[in-house]
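User: Hi! Could you walk me through this one? I'd like to start with the charged pairs.

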Amino acid sequence: MIQTREFERLGGHETVKSNVRIMTATHKNLEKEIQNGLFREDLYYRINVFPIFMPPLRDRKDDIMALANHFVQKYSKENDKDISRISTPAINMLTSYHWPGNVRELENCIERAVLVCNADVIRSQDLPPSLQLAENKDIVLGKNYTLEEAVQNLEMEMIIEVLKKHKGHQGLTAKQLGTTRRILGYKIKQYGIIPKILTHKR
């Protein structure tokens, strides 16, 4: 009995006293379930002592990256990898996704990304297909990736990351990427890369 804090072992006859605290969780609206006859009203009022409402992850955008970074550290250590951060395009994909599986789905997503990552940065191509194919107008130009869009996304991500590395210096960025400053400048304009990255243009 929850109310008297007593129970009997399966097959037993002795009543055992307990001193425990019961915590329950559900994704359903129990009050509506009671109205529909799908949940016992007496049980609801026995367990509904101190309710805590936790919004789904998609409604807690600020928590996504804090959790993602925690999982990166956790699984990098477990897999003996030196992954320091998540790239900007990958961050955009993570924060734009609707996360129907909440925190557990996010954790599985980051664990997979760590396993397939071959660098010190998790990039968008390391994320699961469910994120890559999700509608995200900031990264993709349509509802699904075409080959051209996938190539453009990777190219944009590489440019942004190398620009950040060289603090916006386009000459050094072009050199590392094996291209010319003229072509790099065209790509920067084409992809609308944010001006604040370009702190140096020498």
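User: Is R60 buried or exposed?
Analyst: This is a predicted model, and in it R60 is buried, with a relative accessible area of 18%. The cut-off for buried is under 20%.

User: Which residue does R60 meet in a salt bridge?
Analyst: That would be D63, at 3.0 Å from N to O. D63 counts as partly exposed, at 31% relative accessibility.

User: And how many salt bridges does the structure hold?
Analyst: There are 6. One of them joins K187 and E155, whose closest N and O atoms are 3.3 Å apart. K187 lies in helix α9 and E155 in helix α7, so this pair ties together parts 32 residues apart in sequence.

User: Which residues are linked in a network of salt bridges?
Analyst: R40, D42 and R46. Between D42 and R46, the closest N and O atoms are 3.4 Å apart. These two sit 4 residues apart in helix α2, which means about one helical turn separates them.

User: Switching topic: how do the axes of α8 and α9 cross?
Analyst: They cross at roughly 100° and come within 9 Å, so the two helices are roughly perpendicular to each other.

User: Which residues in α8 and α9 meet there?
Analyst: From α8 you have Q170, G171, T173, A174 and L177, and they meet R181, L184, G185 and I188 of α9. By class, that contact has 4 nonpolar, 4 polar and 1 charged residues.

User: Last one: which residues are buried in α5?
Analyst: E105, L106, E107, C109, I110, A113 and V114.

Note on methods
Residues numbered from 1 in each chain as written. Predicted model: local features only at pLDDT ≥ 70, side-chain atom pairs only at ≥ 80, totals over all residues. Heavy atoms only, no water. Buried < 20%, exposed > 50% of the residue type's maximum accessible area, 1.4 Å probe, protein only. Axes fitted to C-alpha atoms, helices over the stretch in contact; angles between N-to-C directions. Parallel < 35°, antiparallel > 145°, perpendicular 65-115°, else oblique. Contact = heavy atoms within 4.5 Å. Nonpolar A, V, L, I, M, F, W, Y, C, P; charged D, E, K, R; others polar. Salt bridge = Lys/Arg side-chain N within 4 Å of Asp/Glu carboxyl O.
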